[in-house]
Amino acid sequence: MNYKDIIFGKVKEDSSLTDKTLIKSLKKEGHEFTEDMFNKTLLDLEILGLIHVSWIAKDTRKIEIASQYEENDEVELQNKEALKNDYEASFPGTENQI
């Protein structure tokens with residue numbers, strides 16, 4: 001398992017936590033990261049759009065799952081699809097025009 005998977009899994013598990021809490025949790029599970037490797041991995045995950053990192057204090061960062069990667073439940077997905085279909089159906093006579 002690589003660093004990205006380990007850190008992303010932990011953030012996904014809690015959905016939002018501070019960098020200090022994350023480091024403590026990772027150490028408790030036996031994962032050791034240098035500060036540089038931890039910061040690089042956070043940056044990589046943020047660039048990939050998987051997490052969002054923001055400063056909440058001078059030396060504390062908040063790490064959370066990026067909204068587009070939050071898990072949606074089945075009912076919510078069905079509701080979105082129904083709304084999309086209703087919207088498209090509200091324009092009669094345009095289905096054959098391209």
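Colour the protein chain from its N terminus onward, and the elements come in the order α-β-α-α-β-β-α. That makes four helices and three strands. Keep in mind that this is a predicted model. Of the 98 residues in the protein chain, 26% count as buried. Residues 24 or more positions apart account for 49% of the contacts in the protein chain with a separation of 6 or more.

**Stop 1: helix H3**

Select residues 35-47. This is helix H3, with 13 residues. From its first C-alpha to its last, H3 reaches 18 Å, close to the 18 Å expected at 1.5 Å a residue.

Now show side chains on H3. Which residues of H3 are buried? They are Phe-38, Thr-41, Leu-42, Asp-44 and Leu-45. Turn the view until you look down the axis of H3: the buried residues fall within an arc of 160°, so they line one face of the helix. On the face turned away from that buried side, find the exposed residues Glu-35, Asp-36 and Ile-47.

Then step just past the end of H3 to Gly-49, which takes a positive phi of about 80°.

**Stop 2: Thr-41**

Go back into helix H3 and select Thr-41. Is Thr-41 buried or exposed? Its relative accessible area is 3%; a residue under 20% counts as buried, so Thr-41 is buried. Not counting residues up to four places away in sequence, Thr-41 touches Tyr-3, Lys-4 and Ile-7.

**Stop 3: where H1 meets H3**

Show H1 and H3 together. Two packed helices are described by the angle between their axes and the distance between the axes. For H1 and H3, the angle is about 75° and the axes are 10 Å apart. Angles of 65 to 115 degrees count as roughly perpendicular, and H1 and H3 are therefore roughly perpendicular to each other. On the H1 side, the contact is made by Tyr-3, Lys-4, Ile-7 and Phe-8. On the H3 side, select Met-37, Phe-38, Thr-41, Leu-42, Asp-44 and Leu-45.

**Stop 4: the largest nonpolar core**

In soluble globular proteins, nonpolar side chains tend to be buried together. The largest nonpolar core here has 16 residues. Select Ile-7, Val-11, Leu-22, Phe-38, Ile-51 and Ile-63, the members that touch the most other members. H1, H2, H3, S2 and S3 each supply at least two residues of this core. Which element gives the most to the core? It is H1, with four residues.

Keep Val-11 selected and show what surrounds this residue. Leaving aside its neighbours within four places in sequence, Val-11 is in contact with Ser-16, Leu-17, Leu-22, Ile-51, Ile-63, Glu-64 and Ile-65.

**Stop 5: Lys-10**

Next, select Lys-10 in helix H1. At 8% relative accessibility, Lys-10 counts as buried. Beyond its neighbours within four places in sequence, Lys-10 is in contact with Leu-22, Ser-25, Leu-26 and Glu-29. Draw a distance line from the C-alpha of Lys-10 to that of Leu-26: the two are 7.9 Å apart in space and 16 residues apart in sequence.

**Stop 6: helix H2**

Select H2, and show the side chains of its buried residues Asp-19, Leu-22, Ser-25 and Leu-26. They cover an arc of only 125° around the axis, which puts them on the same side of H2. The cover over the buried residues of H2 includes H1, strand S1 (16-18), H3 and S3. Turn to the face away from the buried side, where Lys-24 and Lys-28 are exposed. Just after H2, Gly-30 takes a positive phi of about 95°.

**Stop 7: Ser-15**

Finish in the loop between H1 and S1, where Ser-15 lies. Most residues other than glycine have a negative phi. Ser-15 is not a glycine, yet its phi is positive, at about 65°. With a relative accessible area of 42%, Ser-15 is partly exposed.

Terms used: Residues are numbered from 1 along each chain as its sequence is written. This is a predicted model: local features need pLDDT of at least 70, side-chain atom pairs count only at pLDDT 80 or more; totals for chains, interfaces and linings use all residues. Side-chain values use heavy atoms; hydrogens and water are left out. The expected span of a helix is 1.5 Å times one less than its number of residues. Buried means under 20% relative accessible area, exposed over 50%, partly exposed in between (1.4 Å probe, protein chains only). The arc is that of the directions from the helix axis to the C-beta atoms. A nonpolar core is a set of buried Ala, Val, Leu, Ile, Met, Phe, Trp, Tyr and Cys residues joined through side-chain atoms within 4.5 Å. Contact means heavy atoms within 4.5 Å. Axes are lines fitted to C-alpha atoms, for helices over the stretch in contact, and angles run from 0 to 180 degrees between N-to-C directions. Angles under 35 degrees count as roughly parallel, over 145 as roughly antiparallel, 65 to 115 as roughly perpendicular and the rest as oblique.
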